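Biologist: I would like to learn how to read a model of this kind, feature by feature. Could you take the general idea before the case each time?

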Amino acid sequence: MSTETMLFVPLLILIGGLFHIMPGLTRPDLFFAVTVAPEFRRSSAARRILGRYRAIVWIATLIASGLALAAGMAVAAVLLQAIGYLWGLVSANRAVRAYAAAPSSVLEVDLATPQERLPGGLLVAALPVLSLVALGLWVGFHWDRLPRRFPVHWGIDGADRWVNTTPATVFGFLAVQAFVCLLLAGLAWGLLNWSRRISTTGAGAAAERHFRRRIVQLSIVCEYFLACPAWFALFQPAAAAMNAWGLALAAAIVAFTVSLMRGGQGGSNATVTAGTAPVGDHTPDACWKWGLVYVNPADPSILVEKRFGIGYTLNFGNRWTWVVLALLLVAPAAGLILLR
Amino acid sequence: MIILRVDLKSPAPVYRQIVDAVRILLVNGDLSPGDALPPVRRLALDLGVHFNTVAEAYRTLEEEGWLEIGRRSGARVVSRTVENRCDPQTGEAFERRLREMVAEVQARGLPRDRIARELRLLAKTLERS
């Protein structure tokens, strides 16, 4: 059995475990992306739907692991697990719709809520991009100090793809890195300025603010980490530095993810009182396709809380979302063209 | 906390509900001159309504003399002086609207004693202010 397979199968099982706990992470008055009464989760119908979803997820995970172990078909295994997850989710979503509750139509906004700002201000979010611009300027003045070839991709065993040092590859690589950093900074800014706040009053609002701040911090931390490969590529430090970078990035993502999961989606754990009208997330059930894709042209938000899982998703009914998506495609496309 | 409440199922348009709710906050003194209101974009995002809905509400309040809308500073409450004049048309319109509203909620099943209690409460608030 290869090292990759030995690492891959536990990874599939870990992902299966995440799919297993995902229904418990959503807001208490949302179940499989459908607005329900908060006490519905404890009903026998809910338990039956949950059990069926989990059975589908684990059967798919076991078959995927078998495929990876027996035939080494990693891509097929990932696809199979994803299909199992989607099938389980969509069928559970359909089953829960029969128990959907009318969400409260009353919206409350605290007019005194202060505007949320980027932690440390705009400069902290812009610093990784500025550092790459500075690196680009340095490279322009010290071209003779660059190695003849530099790595542009790294695997578990270190650099696995190299290109010749030319102005197109060097500046193209720096531009792609800067663009990725810019996108992460943009995501952090967008979460604070273009996302829907579900609660603006009481304990729910404080928990939600904390949750949003954690995701913003995660975006900025990832931005700092993702600015590093450009420096590694051109200055080629010892392999230990690269390994430490990889471990630190993984540790940061795990720490933030665990923290977010503990609070629940939108920091909503235990903020809904049983017996009250469900608040949900103030988005209509009808605008959620298969519980995953949000399409609401009447909603000005670009980012809304996911109904299943942790974090935010895009409102595909907003035309600016398509501009963001087009930009997201530019970076990989430019990378492929410039770093051929 | 200064709470703005909007009911999406109410027959009154959201723009009108925002205007009415903010006006109540202003009349009651919950919002004072100098206080800033949330930017149009922020309030529209939180309510899930079009930017124009909130912008229209702010414009109406500006026309009534409650707000000052600056390009950079956003919407800010300004001090507003009202002459204590006795305009017969305003008085008649008020009386008519009040009677219509009482009849409407009575027709929708709100008990008489509850309506009377609310009116007394309102009268007391007015006398105190």
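Biologist: Does strand 5 of chain A lie largely in the open or is it buried, and why?

Modeller: A residue is buried if 20 or more other C-beta atoms lie within 10 Å of its own, exposed if 12 or fewer, and partly exposed in between, with C-beta atoms placed from the backbone. Strands (E, at least two residues) and helices (H or I, at least four) are DSSP runs, numbered from the N terminus. Strand 5 of chain A covers residues 158–164, and the number buried among its seven residues is zero, so the strand lies largely in the open. This is a predicted model, in which local features need pLDDT of at least 70 and side-chain atom pairs count only at pLDDT 80 or more, while totals for chains, interfaces and linings use all residues. Residues are numbered from 1 along each chain as its sequence is written, and chains are lettered from A and ligands numbered from 1 in the order in which they are written.

Biologist: Which strand is joined to strand 5 of chain A by six bridges?

Modeller: Two strands pair if DSSP finds at least two bridges between them. Here the partner is strand 4 of chain A (residues 149–155), and the two run antiparallel with six bridges. Arg149(A) has Asn164(A) as its bridge partner in strand 5. A hairpin of two residues joins strand 4 of chain A to strand 5 of chain A.

Biologist: How many residues does each chain give to the contact?

Modeller: Two residues are in contact if their C-beta atoms, placed from the backbone, lie within 7 Å. Chain A gives 17 residues and chain B gives 19 residues. On the side of chain A that touches chain B, seven are nonpolar, five polar and five charged. For these classes, Ala, Val, Leu, Ile, Met, Phe, Trp, Tyr, Cys and Pro count as nonpolar, Asp, Glu, Lys and Arg as charged, and the others, Gly among them, as polar.

Biologist: What domains does the assignment give for chain A?

Modeller: Domain bounds come from an automatic or database domain assignment. For chain A the assignment gives domain 1 (3–97) and domain 2 (122–338). Their C-alpha centres lie 25 Å apart. Domain 1 of chain A puts 18 residues into the contact and domain 2 of chain A puts in 19 residues. On the domain 1 side, the elements that give two or more residues are strand 2 (34–35) and helix 3 (74–97) of chain A. Helix 3 of chain A has the largest share of that side, three residues.

Biologist: Where is Ala75(B) found?

Modeller: Ala75(B) sits in strand 3 of chain B (residues 74–77). With 25 other C-beta atoms within 10 Å, Ala75(B) is buried. Leaving aside neighbours within four places in sequence, its contacts include Ala36(B), Leu37(B) and Tyr58(B). Ala75(B) and Asp35(B) are 40 residues apart in sequence, yet their C-alpha atoms are 8.7 Å apart in space.

Biologist: How many helices and strands does chain B have?

Modeller: Chain B has five helices and three strands, in the order β-α-α-α-β-β-α-α from the N terminus on. Of its 129 residues, 22% count as buried. Chain A has eight helices and nine strands.
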